[in-house]
Amino acid sequence: MKKIFFPLLVMVIANEGWGQLLQWNTFGNAGTETIEPSVFNDPNITSANLIIGSGVTPAANANRLGGNNWFNAANTNPNTLAEAVTGNDYFQFTVTPNAGFSFTPTSFVFNWDHSATGPASVTLRSSIDGFSTNLGSVTGMPASLSINNTIPIPGLTNLSSATTFRLYGYSATATGGTGGFDVGSNIVNVQLNGTTAAIALPVSLRSFSGYKDGHRNQLRWTTAMELDNLGFEVQRATDGINYSVIDFVNSLAMGGNSSNELNYGFTDNAPPGNRQYYRLRQIDLNSQTKLSTIVLIRGSKPTSLVIDGLFPNPVKAVVNILIAAPAKSKAVLIVSDMAGHIVQQRAMNVETGSNTVQLDVNGLSSGSYMVRINCADGYESASVKFVKQ
């Protein structure tokens, strides 16, 4: 087998961040928006959107992200937190740390404005436990603009995977009662505070992709950092089940340690069958191992961005999405419920050929969802349906 290596050194990113993790600004809103992009994100985490839950109907209030229907006919008067949870009456956002980093949220600060019959109380929960535990609450806010409400967030430390937070609104007394985030005298009116820090992962695999090049298959992968890394077994299967080792690629890091981004390449000169599945088995100097996601190569190099499939389906926790891309590009993965409400959104990079993206759906309620990919180049893939158990 022929091996091709593409080492690349890039600027080292900051090892630690502190203060604000994410900030949002609703100034200039018409009030009918359902998504608010962040105006600031810590360099060690991905930018994120504030998203309105499916139970809330946006209302045309200037400089606000909010709406009405926090209360419905099935609620007690005033409605309770349990009824808000059942009715999907919340705002949510997902914090995604970059590879090799963790985050520790310390507080959520926001301006809140509600009408006399709107939600006067809010409670923050997270996907860590399926949104079942209260992280903190602000109750009995006056029927006017309330500035710099703060919910401390204790007990959540060094989170290394994407975590979704939901702020449930309740204590509303009428369907038409409005409530939401408002600017007031503050331009940045919603803010998550906390810290980020580098984590000592043996190997942080940033990407793994592959494509057909004539009669050969080209594999590419990138590590964000390496610690005591011996190298990578390249494994191949024709059925996606029974893998065999076809070669070994040594670590490019001196002594197996690197804090820089390193690019690897491998050429399979004799791929058998009509489709080939590849995965990497990373091996530490102490013989500890870890498997990568799977790359599926079939047919010629893709000419458009498509979703090749996803597994497992139905899914309980993490779904793997197979994406074929004609070229390296920035993209956005969007998950929506069957009513069309966006429940999760994530920015990412796709490499040329086959990519596998892992999506944590622990925070989603049981039911059917659609996933689609929007590419920065302007074209959009067909949507694919999956079922969350």
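Predicted model: local features only at pLDDT ≥ 70, side-chain atom pairs only at ≥ 80, totals over all residues.
A polar contact is a pair of N or O atoms within 3.5 Å; within protein, one of the two must be able to donate a hydrogen and the other to accept it.

Strand β11 covers residues 146–152 and contains threonine 150. A polar atom of the side chain of threonine 150 lies 3.5 Å from the backbone oxygen of asparagine 148, and asparagine 148 is itself found in strand β11. With a relative accessible area of 43%, threonine 150 is partly exposed. Asparagine 148, at 44% relative accessibility, also counts as partly exposed. Leaving aside neighbours within four places in sequence, threonine 150 is in contact with Ser107, Phe108, Val109 and Val138. Valine 39, 111 residues apart from threonine 150 along the chain, has its C-alpha atom 19 Å from that of the threonine.

The backbone of asparagine 148 also deserves attention. Most residues other than glycine have a negative phi, and most peptide bonds are trans. Asparagine 148, however, has a positive phi, near 55°. Asparagine 158 likewise has a positive phi, near 50°. Asparagine 158 lies in the loop between β11 and β12 and is exposed, with a relative accessible area of 52%.

The peptide bonds provide two further exceptions. The bond from phenylalanine 311 to proline 312 is cis, with omega near -10°, and the bond from asparagine 313 to proline 314 is cis, with omega near 10°. Proline 312 is found in the loop between β23 (306–311) and β24 (318–325), and proline 314 has its place in the loop between β23 and β24 as well.

The discussion now turns to the interior. In soluble globular proteins, nonpolar side chains tend to be buried together. Here the largest nonpolar core has 33 residues, and those with the most contacts inside it are Phe93, Phe108, Phe110, Trp112 and Phe181. Among the elements that give two or more residues to this core are β2, β7, β8, β12 (163–170) and β14 (190–198). The largest share, four residues, comes from β8. A second, separate core has 23 residues, including Leu310, Val357, Tyr369 and Val371.

The model has 18 aromatic pairs. In one of them, the rings of tryptophan 24 and phenylalanine 93 have their centres 5.0 Å apart and their planes at 55°, so the pair is tilted. Tryptophan 24 lies in strand β2 (residues 16–24) and phenylalanine 93 in strand β7 (residues 90–95), so this pair ties together parts that are 69 residues apart in sequence. Both tryptophan 24 and phenylalanine 93 are buried. Tryptophan 70 and phenylalanine 91 form another tilted pair, 5.8 Å centre to centre, with 50° between the planes. Because tryptophan 70 lies in the loop between β6 (64–68) and α1 (81–86) and phenylalanine 91 in strand β7, the pair ties together parts that are 21 residues apart in sequence. Tryptophan 70 and phenylalanine 91 are buried too.

The charged end of arginine 166 sits over the ring of phenylalanine 131, 4.1 Å from its centre. Arginine 279 has its charged end over the ring of tyrosine 243, 4.0 Å from the centre of that ring.

A further arginine, arginine 64, is joined to aspartate 113 by a polar contact of 3.0 Å between the side chains. Aspartate 113 has its place in strand β8 (residues 101–114). At 13% relative accessibility, aspartate 113 counts as buried, because buried means under 20% relative accessible area. Apart from neighbours within four places in sequence, the residues in contact with aspartate 113 are Arg64, Ser144, Leu145, Thr178, Gly179, Gly180 and Asp182.

Finally, a hairpin can be followed in strands β25 and β26. Strand β25 (residues 329–337) and strand β26 (residues 342–350) run antiparallel and are joined by eight bridges. Isoleucine 334, for instance, has glutamine 345 in β26 as its bridge partner. Four residues lie between the two strands of this hairpin, and glycine 340 in the turn has a positive phi of about 95°.

Terms used: Residues numbered from 1 in each chain as written. Heavy atoms only, no water. Buried < 20%, exposed > 50% of the residue type's maximum accessible area, 1.4 Å probe, protein only. Contact = heavy atoms within 4.5 Å. Pairing = 2+ DSSP bridges. Phe/Tyr/Trp six-rings, centres within 6.5 Å; stacked < 30°, edge-to-face > 60°. Lys NZ or Arg CZ within 6 Å of the ring centre and 35° of its normal. Core = buried A, V, L, I, M, F, W, Y, C linked by side-chain atoms within 4.5 Å.
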